[in-house]
Amino acid sequence: MKLLHIIATTRGAESRTLSISNEFLKTLKEKHPHVQVDELDLSTTELPPVLDTNVKAKYLMMMGGQLDDKTLESWKKVSEMAEHFISYDLFLITAPMWNFSIPYILKHYIDVIMQAGILFSFTASGPEGFAKYEKMVCITSRGSDYSPGSHMHAMDFQEPYLRAIFGLAGIEEIHFVHAQPMDIAPGLTQAALEKAKEEARQMVDKLAITAQV
Ligand SMILES: Cc1cc2nc3c(=O)[nH]c(=O)nc-3n(C[C@H](O)[C@H](O)[C@H](O)COP(=O)(O)O)c2cc1C
């Protein structure tokens with residue numbers, strides 16, 4: 001069993017979000033040492049541009065057209081990244097909230113990997129994802145508090161977006177741990193961090209990981 005840890009914070013050891021994910025990973029390693037954990041740090045990964053050539057290739061691929069050598073060469077980096085993603089069984093996303101949603105490095109990664117024919121296909125009854133049996137944990141932290149019932153809740157475009165886009169790839173089991181509020185008062189920050197770390201540790205059992213390789 002393989003887990004891909006997608007890191008979408010640029011703050012390294014200072015990142016609150018990453019400190020919570022590290023608690024999840026520590027517990028995962030203690031309870032399920034057979035799970036292989038690979039890291040994809042988006043702040044240090046060169047992602048292929050989703051610009052002219054690769055956008056042209058995307059449309060050609062969707063319409064069953066032929067790619068010329070230059071387009072094919074460029075598209076190879078996109079398809080390899082999508083195939084790398086789909087080769088995993090479990091995903092951990094570490095992403096602070098940025099402007100009510102996700103940091104742009106994660107959006108860029110999603111724009112690269114979300115390819116028809118690799119992560120999902122179009123069928124007569126709508127898109128069908130290929131990652132139906134995979135599970136995902138998203139760990140976030142936010143400056144304010146977006147809990148259900150709060151006046152900020154309607155501004156949370158992060159959780160609904162991540163559910164929708166990875167749902168397109170077929171992932172139905174998506175769990176969230178949110179640390180919030182982080183930037184209102186130091187006392188609140190510490191309490192919210194401890195709460196989120198405990199939720200992250202408990203999340204390992206929720207995944208019901210079996211001993212299968
Ligand atoms: C560019 C940027 C945009 C942000 N946008 C929001 C936002 O929309 N809502 C919010 O509550 N906090 C926002 N924040 C605050 C972060 O979500 C918060 O400080 C978080 O804990 C940072 O996580 P990190 O320590 O893992 O980097 C933003 C921070 C940055 C740097």
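Helices here are DSSP runs of H or I that cover at least four residues, numbered from the N terminus. Keep in mind that this is a predicted model.

**View 1**

**View 2. Helix α6 from end to end.** This helix takes in residues 186-206, 21 residues in total. Just past the helix sits Ala-208, with a positive phi of about 45 degrees.

**View 3. The two sides of α6.** Tucked away as buried residues of α6 are Ala-192, Ala-196, Lys-197, Ala-200, Met-203 and Val-204. Looking down the helix axis, the buried residues fall within an arc of 140 degrees, so they line one face of α6. Their cover includes α1, β6 (135-141) and β7 (173-179). On the face turned away from that buried side, you'll find the exposed residues Gly-187, Gln-190, Glu-194, Gln-202 and Asp-205.

**View 4. Arg-163 in helix α5.** Arg-163 is part of α5, which covers residues 158-168. Is Arg-163 buried, exposed or partly exposed? It has 16 C-beta neighbours inside 10 Å, so Arg-163 counts as partly exposed. From Val-55, Arg-163 is 108 residues away in sequence and 24 Å away in space, C-alpha to C-alpha.

How values were computed. Residues numbered from 1 in each chain as written. Predicted model: local features only at pLDDT ≥ 70, side-chain atom pairs only at ≥ 80, totals over all residues. Expected span 1.5 Å × (residues − 1). Buried ≥ 20, exposed ≤ 12 C-beta atoms within 10 Å, placed from the backbone. Arc of directions from axis to C-beta. Contact = placed C-beta atoms within 7 Å.
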